[in-house]
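Dear colleague,

Please find the structure below. I would be grateful if you would read the notes that follow with the model open beside you.

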Amino acid sequence: MSDIPRDLKYAASHEWSRLEADGTVTVGITDHAQEALGDVVYVELPEVGTHFDAQGEIAVVESVKAASDIYSPVSGKVIAINDVLEDSPETVNQDPYGDGWFFRLLPDDPSDLGGLLDADGYAEVCANDEH
Amino acid sequence: MTLRTPLYDAHVAAGARMVPFGGWDMPLHYGSQIVEHQAVRSGAGVFDVSHMTIIDVDGPQARSFLQTLIANDVGKLEVSGQALYGALLNAEGGILDDLTVYRTDQGYRAVVNASTRDKVLAWLETNRQPGAAWRERKDLANLAVQGPQAVAKMIELYNLPELARVPGFHALVHGEWMIGRTGYTGEDGVEIMLPATQAVDLFERLLAAGVQAAGLAARDTLRLEAGLNLYGQDMTEANHPYESRIGWTVALEPANRNFIGRAPLESLRQRYTRKLTGMIFTGKGVVRHDFKVRTHAGEGVVTSGVFSPTLECSIALVRVPRDAKGDCEVEIRGKWLPAKLVQPPFVKKGLVVTS
(Lines give C-alpha, C1' and ligand atoms only; values in the text may rest on other atoms or scores of the structure.)
Protein backbone atom coordinates (compact mmCIF):
# COMPACT_ATOMS: atom_id res chain seq x y z
CA MET A 1 0.00 0.00 0.00
CA SER A 2 1.54 3.32 -0.99
CA ASP A 3 1.59 6.50 1.00
CA ILE A 4 -1.19 9.01 0.06
CA PRO A 5 -1.05 12.18 2.22
CA ARG A 6 -4.53 13.50 2.94
CA ASP A 7 -3.61 17.18 2.62
CA LEU A 8 -2.70 16.92 -1.07
CA LYS A 9 -4.65 16.85 -4.32
CA TYR A 10 -4.05 14.23 -7.00
CA ALA A 11 -4.39 13.57 -10.71
CA ALA A 12 -5.23 10.14 -12.11
CA SER A 13 -1.89 10.40 -13.94
CA HIS A 14 -0.14 10.18 -10.55
CA GLU A 15 0.93 13.78 -9.99
CA TRP A 16 0.30 15.33 -6.56
CA SER A 17 -0.41 19.04 -6.03
CA ARG A 18 -0.05 21.17 -2.91
CA LEU A 19 -1.56 24.63 -2.69
CA GLU A 20 0.93 26.82 -0.83
CA ALA A 21 0.07 29.78 1.43
CA ASP A 22 1.26 32.18 -1.28
CA GLY A 23 -1.19 30.77 -3.85
CA THR A 24 1.39 28.81 -5.82
CA VAL A 25 1.06 25.06 -6.45
CA THR A 26 3.91 22.62 -5.85
CA VAL A 27 3.78 19.47 -7.99
CA GLY A 28 5.51 16.10 -7.81
CA ILE A 29 4.80 12.42 -8.43
CA THR A 30 3.23 10.10 -5.88
CA ASP A 31 4.72 7.27 -3.87
CA HIS A 32 2.70 4.84 -6.00
CA ALA A 33 4.26 6.32 -9.15
CA GLN A 34 7.86 6.30 -7.91
CA GLU A 35 7.46 2.72 -6.75
CA ALA A 36 6.11 1.63 -10.13
CA LEU A 37 8.88 3.49 -11.99
CA GLY A 38 11.80 2.07 -10.07
CA ASP A 39 15.06 3.97 -9.67
CA VAL A 40 14.72 7.41 -11.24
CA VAL A 41 17.80 8.38 -13.24
CA TYR A 42 16.84 11.56 -15.11
CA VAL A 43 14.26 14.28 -14.70
CA GLU A 44 13.57 16.81 -17.46
CA LEU A 45 12.03 19.90 -15.94
CA PRO A 46 10.28 22.79 -17.72
CA GLU A 47 11.79 26.23 -18.13
CA VAL A 48 10.87 28.78 -15.52
CA GLY A 49 8.47 31.29 -17.01
CA THR A 50 6.77 28.90 -19.43
CA HIS A 51 2.98 28.60 -19.37
CA PHE A 52 1.23 25.24 -19.60
CA ASP A 53 -2.39 24.28 -20.02
CA ALA A 54 -3.91 21.68 -17.72
CA GLN A 55 -2.92 18.16 -18.82
CA GLY A 56 -0.15 19.54 -20.99
CA GLU A 57 3.13 17.56 -21.08
CA ILE A 58 5.27 19.58 -18.71
CA ALA A 59 8.09 17.27 -17.59
CA VAL A 60 9.63 13.87 -18.19
CA VAL A 61 10.78 11.40 -15.57
CA GLU A 62 13.04 8.62 -16.77
CA SER A 63 13.69 5.60 -14.64
CA VAL A 64 15.73 2.48 -15.21
CA LYS A 65 12.49 0.96 -16.53
CA ALA A 66 10.94 3.58 -18.78
CA ALA A 67 10.46 7.26 -19.58
CA SER A 68 7.16 8.78 -18.41
CA ASP A 69 5.53 12.08 -19.24
CA ILE A 70 4.36 14.31 -16.40
CA TYR A 71 1.23 16.37 -17.02
CA SER A 72 0.45 19.78 -15.59
CA PRO A 73 -2.40 19.32 -13.09
CA VAL A 74 -3.76 22.85 -13.70
CA SER A 75 -3.13 25.68 -16.16
CA GLY A 76 -0.42 28.01 -14.99
CA LYS A 77 3.09 29.43 -15.29
CA VAL A 78 6.22 27.68 -14.01
CA ILE A 79 7.79 29.87 -11.32
CA ALA A 80 10.32 27.43 -9.86
CA ILE A 81 11.92 24.06 -10.59
CA ASN A 82 13.72 21.69 -8.21
CA ASP A 83 17.42 21.86 -9.13
CA VAL A 84 18.25 19.06 -6.68
CA LEU A 85 16.78 16.56 -9.15
CA GLU A 86 19.51 17.39 -11.70
CA ASP A 87 22.28 15.81 -9.62
CA SER A 88 20.19 13.61 -7.35
CA PRO A 89 17.23 12.20 -9.30
CA GLU A 90 16.95 9.38 -6.73
CA THR A 91 15.41 11.99 -4.39
CA VAL A 92 12.16 11.35 -6.25
CA ASN A 93 12.22 7.76 -4.99
CA GLN A 94 13.42 8.64 -1.50
CA ASP A 95 11.12 11.57 -0.70
CA PRO A 96 8.41 11.91 -3.37
CA TYR A 97 6.23 14.34 -1.38
CA GLY A 98 9.06 16.41 0.14
CA ASP A 99 12.51 17.00 -1.35
CA GLY A 100 11.46 15.13 -4.52
CA TRP A 101 9.11 17.91 -5.71
CA PHE A 102 9.38 18.73 -9.44
CA PHE A 103 8.17 22.29 -10.06
CA ARG A 104 5.99 25.07 -8.74
CA LEU A 105 3.22 26.76 -10.73
CA LEU A 106 1.41 30.06 -10.45
CA PRO A 107 -2.08 28.80 -11.39
CA ASP A 108 -4.23 30.82 -13.79
CA ASP A 109 -7.14 30.07 -11.46
CA PRO A 110 -6.50 28.58 -7.99
CA SER A 111 -10.03 27.14 -7.90
CA ASP A 112 -8.96 24.72 -10.66
CA LEU A 113 -7.43 22.61 -7.89
CA GLY A 114 -10.96 21.73 -6.85
CA GLY A 115 -11.21 19.61 -9.99
CA LEU A 116 -8.46 17.28 -8.80
CA LEU A 117 -8.88 14.10 -6.76
CA ASP A 118 -8.62 13.99 -3.01
CA ALA A 119 -6.69 11.24 -1.19
CA ASP A 120 -9.61 8.78 -1.25
CA GLY A 121 -10.26 9.38 -4.95
CA TYR A 122 -6.61 8.76 -5.72
CA ALA A 123 -6.52 5.66 -3.53
CA GLU A 124 -9.24 4.25 -5.77
CA VAL A 125 -7.16 5.00 -8.87
CA CYS A 126 -4.27 3.08 -7.33
CA ALA A 127 -6.48 0.17 -6.34
CA ASN A 128 -7.64 -0.14 -9.96
CA ASP A 129 -4.02 0.04 -11.06
CA GLU A 130 -3.02 -3.08 -9.13
CA HIS A 131 -3.63 -6.26 -11.14
CA MET B 1 0.30 -20.75 -14.76
CA THR B 2 3.69 -19.37 -13.75
CA LEU B 3 6.37 -21.50 -12.16
CA ARG B 4 8.06 -20.77 -8.86
CA THR B 5 11.59 -21.58 -7.80
CA PRO B 6 12.23 -23.08 -4.34
CA LEU B 7 13.10 -19.55 -3.18
CA TYR B 8 9.77 -17.90 -3.96
CA ASP B 9 8.71 -17.40 -0.33
CA ALA B 10 12.22 -16.35 0.65
CA HIS B 11 12.19 -13.66 -2.07
CA VAL B 12 8.88 -12.29 -0.88
CA ALA B 13 10.11 -12.33 2.73
CA ALA B 14 13.19 -10.37 1.61
CA GLY B 15 10.99 -7.67 0.10
CA ALA B 16 11.18 -8.68 -3.54
CA ARG B 17 8.95 -7.21 -6.21
CA MET B 18 8.06 -10.37 -8.14
CA VAL B 19 7.43 -10.30 -11.89
CA PRO B 20 6.72 -12.96 -14.51
CA PHE B 21 9.82 -13.87 -16.55
CA GLY B 22 9.86 -16.62 -19.14
CA GLY B 23 7.05 -18.47 -17.39
CA TRP B 24 8.53 -18.03 -13.89
CA ASP B 25 7.73 -15.67 -11.01
CA MET B 26 11.08 -14.04 -10.35
CA PRO B 27 12.39 -11.17 -8.19
CA LEU B 28 12.84 -8.03 -10.28
CA HIS B 29 14.48 -6.23 -7.35
CA TYR B 30 14.29 -6.04 -3.57
CA GLY B 31 13.87 -2.29 -3.29
CA SER B 32 16.49 -0.72 -5.55
CA GLN B 33 18.15 -2.34 -8.53
CA ILE B 34 20.89 0.30 -8.40
CA VAL B 35 21.76 -0.59 -4.79
CA GLU B 36 21.86 -4.29 -5.76
CA HIS B 37 24.06 -3.60 -8.79
CA GLN B 38 26.52 -1.58 -6.73
CA ALA B 39 26.64 -4.26 -4.03
CA VAL B 40 27.77 -6.80 -6.64
CA ARG B 41 30.46 -4.48 -7.98
CA SER B 42 31.80 -3.61 -4.53
CA GLY B 43 31.01 -6.60 -2.30
CA ALA B 44 28.73 -9.54 -3.02
CA GLY B 45 25.23 -10.18 -4.25
CA VAL B 46 23.17 -13.36 -4.61
CA PHE B 47 20.87 -14.14 -7.55
CA ASP B 48 18.32 -16.93 -7.79
CA VAL B 49 18.93 -18.45 -11.22
CA SER B 50 16.98 -21.64 -10.56
CA HIS B 51 14.73 -20.84 -13.50
CA MET B 52 17.57 -21.79 -15.83
CA THR B 53 17.61 -25.27 -17.32
CA ILE B 54 20.21 -27.80 -16.14
CA ILE B 55 20.66 -30.82 -18.40
CA ASP B 56 23.02 -33.68 -17.57
CA VAL B 57 24.32 -35.62 -20.56
CA ASP B 58 26.05 -38.97 -20.32
CA GLY B 59 26.70 -42.20 -22.15
CA PRO B 60 29.66 -43.45 -24.19
CA GLN B 61 28.79 -41.06 -27.06
CA ALA B 62 28.00 -38.02 -24.91
CA ARG B 63 31.08 -36.18 -26.11
CA SER B 64 30.51 -36.74 -29.82
CA PHE B 65 26.81 -35.88 -29.34
CA LEU B 66 27.69 -32.50 -27.87
CA GLN B 67 30.45 -32.02 -30.42
CA THR B 68 27.80 -32.28 -33.13
CA LEU B 69 25.42 -29.83 -31.48
CA ILE B 70 27.60 -27.10 -30.02
CA ALA B 71 29.70 -24.70 -32.12
CA ASN B 72 32.37 -24.66 -29.41
CA ASP B 73 34.26 -27.91 -28.92
CA VAL B 74 33.59 -29.82 -25.69
CA GLY B 75 36.55 -31.94 -26.71
CA LYS B 76 38.62 -29.12 -25.21
CA LEU B 77 37.33 -29.96 -21.74
CA GLU B 78 40.14 -32.15 -20.49
CA VAL B 79 39.35 -32.49 -16.82
CA SER B 80 36.24 -32.94 -14.75
CA GLY B 81 35.02 -29.55 -13.63
CA GLN B 82 36.28 -27.64 -16.66
CA ALA B 83 33.67 -25.58 -18.49
CA LEU B 84 33.18 -23.60 -21.67
CA TYR B 85 30.70 -21.10 -23.11
CA GLY B 86 29.24 -21.63 -26.56
CA ALA B 87 26.21 -21.69 -28.81
CA LEU B 88 23.80 -24.19 -30.29
CA LEU B 89 23.24 -23.37 -33.96
CA ASN B 90 20.68 -24.44 -36.51
CA ALA B 91 21.66 -25.69 -39.95
CA GLU B 92 21.76 -22.12 -41.31
CA GLY B 93 24.20 -21.01 -38.61
CA GLY B 94 21.50 -19.15 -36.69
CA ILE B 95 21.82 -19.14 -32.90
CA LEU B 96 19.33 -21.36 -31.08
CA ASP B 97 20.73 -20.60 -27.62
CA ASP B 98 23.91 -19.86 -25.75
CA LEU B 99 24.98 -22.15 -22.94
CA THR B 100 27.67 -23.12 -20.47
CA VAL B 101 28.85 -26.74 -20.52
CA TYR B 102 30.82 -28.37 -17.70
CA ARG B 103 32.64 -31.66 -17.95
CA THR B 104 31.67 -33.84 -15.01
CA ASP B 105 32.71 -37.23 -13.64
CA GLN B 106 29.58 -38.73 -15.25
CA GLY B 107 29.72 -36.92 -18.58
CA TYR B 108 28.63 -33.29 -19.09
CA ARG B 109 26.32 -30.73 -17.58
CA ALA B 110 24.75 -28.05 -19.80
CA VAL B 111 23.09 -24.95 -18.41
CA VAL B 112 20.76 -23.27 -20.89
CA ASN B 113 18.35 -20.35 -20.68
CA ALA B 114 14.93 -20.56 -19.04
CA SER B 115 13.19 -19.12 -22.10
CA THR B 116 14.69 -21.70 -24.47
CA ARG B 117 14.12 -24.81 -22.36
CA ASP B 118 11.44 -26.39 -24.54
CA LYS B 119 13.23 -25.51 -27.75
CA VAL B 120 16.55 -26.95 -26.59
CA LEU B 121 15.06 -30.17 -25.23
CA ALA B 122 13.21 -30.67 -28.51
CA TRP B 123 16.43 -29.97 -30.42
CA LEU B 124 18.28 -32.64 -28.43
CA GLU B 125 15.48 -35.08 -29.23
CA THR B 126 15.49 -34.21 -32.96
CA ASN B 127 19.22 -34.83 -33.07
CA ARG B 128 19.28 -37.87 -30.80
CA GLN B 129 22.26 -40.15 -31.30
CA PRO B 130 22.67 -43.65 -29.92
CA GLY B 131 25.02 -43.83 -26.94
CA ALA B 132 24.09 -40.41 -25.56
CA ALA B 133 21.36 -39.80 -23.01
CA TRP B 134 20.28 -36.72 -21.14
CA ARG B 135 18.04 -35.74 -18.27
CA GLU B 136 16.82 -32.42 -17.05
CA ARG B 137 17.77 -31.78 -13.43
CA LYS B 138 14.56 -30.28 -12.09
CA ASP B 139 15.64 -31.44 -8.65
CA LEU B 140 18.39 -28.81 -8.55
CA ALA B 141 18.29 -25.14 -7.68
CA ASN B 142 20.89 -22.65 -8.90
CA LEU B 143 22.20 -19.61 -7.02
CA ALA B 144 24.82 -17.18 -8.31
CA VAL B 145 26.95 -15.37 -5.73
CA GLN B 146 28.85 -12.59 -7.48
CA GLY B 147 31.24 -9.80 -6.57
CA PRO B 148 34.79 -9.29 -5.31
CA GLN B 149 33.77 -10.66 -1.87
CA ALA B 150 31.68 -13.55 -3.19
CA VAL B 151 34.29 -16.31 -3.01
CA ALA B 152 35.55 -15.13 0.40
CA LYS B 153 31.99 -15.21 1.77
CA MET B 154 31.42 -18.74 0.50
CA ILE B 155 34.76 -19.93 1.90
CA GLU B 156 33.90 -18.43 5.27
CA LEU B 157 30.34 -19.72 5.44
CA TYR B 158 31.03 -23.24 4.22
CA ASN B 159 34.64 -23.81 5.20
CA LEU B 160 35.78 -24.30 1.62
CA PRO B 161 39.35 -22.98 1.38
CA GLU B 162 39.87 -25.01 -1.81
CA LEU B 163 37.37 -22.74 -3.56
CA ALA B 164 40.04 -20.03 -3.68
CA ARG B 165 42.14 -22.23 -5.94
CA VAL B 166 39.41 -23.08 -8.44
CA PRO B 167 40.25 -21.27 -11.70
CA GLY B 168 37.67 -19.34 -13.68
CA PHE B 169 35.41 -21.56 -15.78
CA HIS B 170 36.05 -24.57 -13.59
CA ALA B 171 33.73 -26.17 -11.07
CA LEU B 172 34.30 -27.81 -7.73
CA VAL B 173 32.13 -30.70 -6.59
CA HIS B 174 31.32 -30.43 -2.89
CA GLY B 175 29.06 -33.30 -1.78
CA GLU B 176 25.81 -32.83 -3.67
CA TRP B 177 26.77 -29.32 -4.74
CA MET B 178 28.51 -28.25 -7.92
CA ILE B 179 30.14 -24.86 -7.51
CA GLY B 180 31.31 -23.26 -10.74
CA ARG B 181 33.62 -20.26 -10.79
CA THR B 182 31.48 -18.69 -13.45
CA GLY B 183 28.98 -15.88 -13.70
CA TYR B 184 27.12 -13.33 -15.74
CA THR B 185 28.27 -10.11 -14.08
CA GLY B 186 31.90 -9.57 -15.06
CA GLU B 187 32.92 -10.00 -11.42
CA ASP B 188 34.55 -12.93 -9.65
CA GLY B 189 32.01 -15.30 -8.15
CA VAL B 190 30.33 -18.65 -8.28
CA GLU B 191 27.21 -20.37 -9.53
CA ILE B 192 26.05 -23.07 -7.17
CA MET B 193 23.91 -25.94 -8.39
CA LEU B 194 22.48 -27.80 -5.41
CA PRO B 195 19.50 -29.91 -4.36
CA ALA B 196 16.44 -27.70 -4.36
CA THR B 197 15.70 -28.70 -0.76
CA GLN B 198 18.92 -26.97 0.36
CA ALA B 199 18.49 -23.74 -1.57
CA VAL B 200 16.53 -21.72 0.96
CA ASP B 201 19.05 -22.41 3.69
CA LEU B 202 21.94 -21.29 1.46
CA PHE B 203 20.09 -18.14 0.43
CA GLU B 204 19.20 -17.19 3.98
CA ARG B 205 22.69 -17.85 5.28
CA LEU B 206 24.13 -15.62 2.55
CA LEU B 207 21.75 -12.81 3.38
CA ALA B 208 22.51 -13.15 7.09
CA ALA B 209 26.22 -12.88 6.22
CA GLY B 210 25.62 -9.54 4.52
CA VAL B 211 25.37 -10.67 0.90
CA GLN B 212 22.87 -8.47 -0.96
CA ALA B 213 19.86 -10.19 -2.52
CA ALA B 214 19.89 -9.10 -6.16
CA GLY B 215 17.17 -9.43 -8.79
CA LEU B 216 16.72 -9.62 -12.54
CA ALA B 217 16.99 -5.89 -13.09
CA ALA B 218 20.45 -5.69 -11.51
CA ARG B 219 21.41 -8.86 -13.37
CA ASP B 220 20.63 -7.10 -16.64
CA THR B 221 22.62 -3.95 -15.90
CA LEU B 222 25.59 -5.95 -14.60
CA ARG B 223 25.79 -8.27 -17.62
CA LEU B 224 25.46 -5.38 -20.05
CA GLU B 225 28.28 -3.46 -18.36
CA ALA B 226 30.31 -6.67 -18.69
CA GLY B 227 29.49 -6.85 -22.40
CA LEU B 228 27.59 -10.16 -22.12
CA ASN B 229 24.73 -11.02 -24.45
CA LEU B 230 21.17 -11.82 -23.49
CA TYR B 231 19.72 -14.49 -25.77
CA GLY B 232 16.44 -13.39 -27.25
CA GLN B 233 17.50 -9.76 -27.24
CA ASP B 234 21.10 -9.39 -28.44
CA MET B 235 20.97 -12.54 -30.52
CA THR B 236 18.21 -14.73 -31.90
CA GLU B 237 17.85 -17.44 -34.53
CA ALA B 238 18.04 -14.64 -37.10
CA ASN B 239 21.65 -13.95 -36.08
CA HIS B 240 24.88 -15.86 -36.52
CA PRO B 241 27.83 -15.83 -34.11
CA TYR B 242 30.01 -13.40 -36.08
CA GLU B 243 27.44 -10.64 -35.91
CA SER B 244 26.79 -11.33 -32.24
CA ARG B 245 30.22 -10.94 -30.64
CA ILE B 246 30.46 -14.68 -30.06
CA GLY B 247 32.53 -15.62 -33.10
CA TRP B 248 35.31 -16.42 -30.62
CA THR B 249 33.24 -19.32 -29.27
CA VAL B 250 33.11 -21.03 -32.66
CA ALA B 251 35.81 -23.71 -32.82
CA LEU B 252 36.49 -24.46 -36.49
CA GLU B 253 39.52 -26.50 -35.47
CA PRO B 254 39.76 -29.45 -35.68
CA ALA B 255 38.58 -29.09 -39.28
CA ASN B 256 36.97 -32.54 -39.27
CA ARG B 257 34.54 -31.74 -36.44
CA ASN B 258 31.26 -31.51 -38.28
CA PHE B 259 28.90 -29.55 -36.02
CA ILE B 260 25.44 -28.33 -37.04
CA GLY B 261 25.75 -24.92 -38.68
CA ARG B 262 29.42 -25.32 -39.59
CA ALA B 263 29.03 -25.05 -43.36
CA PRO B 264 27.42 -21.57 -43.54
CA LEU B 265 29.83 -20.27 -40.87
CA GLU B 266 32.84 -21.09 -42.97
CA SER B 267 31.87 -18.42 -45.48
CA LEU B 268 30.12 -16.07 -43.05
CA ARG B 269 33.34 -15.84 -41.11
CA GLN B 270 34.90 -13.75 -43.88
CA ARG B 271 31.83 -12.21 -45.42
CA TYR B 272 29.67 -11.12 -42.49
CA THR B 273 28.32 -7.60 -42.90
CA ARG B 274 27.18 -6.58 -39.43
CA LYS B 275 28.61 -6.72 -35.95
CA LEU B 276 27.45 -6.34 -32.40
CA THR B 277 29.31 -3.67 -30.50
CA GLY B 278 28.85 -1.22 -27.66
CA MET B 279 27.51 2.31 -27.48
CA ILE B 280 27.67 4.99 -24.81
CA PHE B 281 25.09 7.77 -24.61
CA THR B 282 26.04 10.53 -22.18
CA GLY B 283 22.97 12.70 -22.68
CA LYS B 284 19.96 12.84 -20.38
CA GLY B 285 18.09 9.71 -21.22
CA VAL B 286 18.19 5.95 -21.39
CA VAL B 287 18.73 4.10 -24.64
CA ARG B 288 16.52 1.02 -25.00
CA HIS B 289 15.98 -2.09 -27.14
CA ASP B 290 14.97 -1.35 -30.76
CA PHE B 291 16.02 2.32 -30.75
CA LYS B 292 17.52 3.23 -34.14
CA VAL B 293 21.18 4.07 -34.58
CA ARG B 294 22.92 5.98 -37.41
CA THR B 295 26.63 5.45 -37.98
CA HIS B 296 29.10 6.69 -40.60
CA ALA B 297 28.81 3.26 -42.20
CA GLY B 298 25.01 3.04 -42.18
CA GLU B 299 22.04 2.30 -39.94
CA GLY B 300 21.81 -0.02 -37.01
CA VAL B 301 19.69 -0.84 -34.00
CA VAL B 302 19.97 -1.08 -30.23
CA THR B 303 19.64 -4.70 -29.11
CA SER B 304 19.93 -3.98 -25.37
CA GLY B 305 20.13 -0.65 -23.54
CA VAL B 306 20.17 0.30 -19.88
CA PHE B 307 21.22 2.97 -17.45
CA SER B 308 24.65 1.94 -16.19
CA PRO B 309 25.01 2.54 -12.45
CA THR B 310 28.81 2.32 -12.76
CA LEU B 311 29.21 4.73 -15.69
CA GLU B 312 26.22 6.83 -14.55
CA CYS B 313 24.90 7.14 -18.06
CA SER B 314 23.19 4.94 -20.62
CA ILE B 315 25.06 2.11 -22.34
CA ALA B 316 23.92 -0.31 -24.98
CA LEU B 317 24.77 -3.18 -27.25
CA VAL B 318 24.04 -2.29 -30.85
CA ARG B 319 24.02 -4.18 -34.13
CA VAL B 320 25.58 -1.98 -36.81
CA PRO B 321 27.44 -2.32 -40.12
CA ARG B 322 30.75 -4.12 -39.73
CA ASP B 323 32.88 -1.04 -40.44
CA ALA B 324 30.96 1.33 -38.18
CA LYS B 325 33.00 3.07 -35.51
CA GLY B 326 33.40 6.34 -33.63
CA ASP B 327 30.64 8.90 -33.34
CA CYS B 328 27.10 7.89 -34.08
CA GLU B 329 23.55 9.04 -33.37
CA VAL B 330 20.69 7.33 -31.61
CA GLU B 331 16.99 8.16 -31.93
CA ILE B 332 15.38 8.83 -28.55
CA ARG B 333 11.72 9.87 -28.41
CA GLY B 334 11.83 11.31 -31.91
CA LYS B 335 15.16 13.16 -31.64
CA TRP B 336 18.52 12.07 -33.07
CA LEU B 337 21.14 12.60 -30.39
CA PRO B 338 24.93 12.07 -30.38
CA ALA B 339 26.44 8.88 -28.98
CA LYS B 340 29.65 6.93 -29.37
CA LEU B 341 30.46 3.39 -30.46
CA VAL B 342 32.87 1.59 -28.13
CA GLN B 343 34.26 -1.91 -27.80
CA PRO B 344 32.69 -3.75 -24.84
CA PRO B 345 33.11 -4.53 -22.01
CA PHE B 346 32.27 -1.24 -20.39
CA VAL B 347 33.35 -2.38 -16.93
CA LYS B 348 36.00 -4.89 -15.91
CA LYS B 349 36.51 -5.96 -12.27
CA GLY B 350 34.47 -3.00 -11.11
CA LEU B 351 36.38 -0.38 -13.09
CA VAL B 352 35.23 1.54 -16.14
CA VAL B 353 37.38 0.49 -19.10
CA THR B 354 35.72 2.39 -21.93
CA SER B 355 36.43 6.10 -22.34
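The notes below take chain A and then chain B.

This is a predicted model, in which local features need pLDDT of at least 70 and side-chain atom pairs count only at pLDDT 80 or more, while totals for chains, interfaces and linings use all residues. Residues are numbered from 1 along each chain as its sequence is written, and chains are lettered from A and ligands numbered from 1 in the order in which they are written.

Confidence. The model scores ipTM 0.85 and pTM 0.94. Chain B has an average pLDDT of 97, and 100% of its residues score at least 70; pLDDT is the predictor's confidence in each residue, from 0 to 100.

Chain A. This chain holds four helices and nine strands, where helices (H or I, at least four residues) and strands (E, at least two) are DSSP runs numbered from the N terminus. Their order from the N terminus is β-β-β-α-β-β-β-β-β-α-α-β-α. The radius of gyration of chain A is 14 Å, close to the 14 Å that the globule rule gives for 131 residues, so the chain is as compact as a globular protein of that length. That radius is taken over C-alpha atoms, and the globule rule is 2.2 Å times the number of residues to the power 0.38. Of the 131 residues in chain A, 39% are buried. A residue is buried if 20 or more other C-beta atoms, placed from the backbone, lie within 10 Å of its own, exposed if 12 or fewer, and partly exposed in between.

Chain B. An open sheet of three strands has the order β1-β3-β2, with mixed pairing; two strands pair if DSSP finds at least two bridges between them. Strands β1 (3-4) and β2 (17-21) of chain B are at the edges with a single partner strand each, so one side of each has no neighbour in the sheet. The pairing of β1(B) with β3 (residues 24-29) of chain B is parallel, over two bridges. Leu3(B) has Trp24(B) in β3(B) as its bridge partner.

Helix α7. In chain B, nine of the ten residues of α7(B) are buried, so the helix is largely enclosed by the rest of the structure. Among them are Leu216(B), Arg219(B) and Glu225(B). Just after α7(B), Gly227(B) has a positive phi of about 75 degrees.

A colleague
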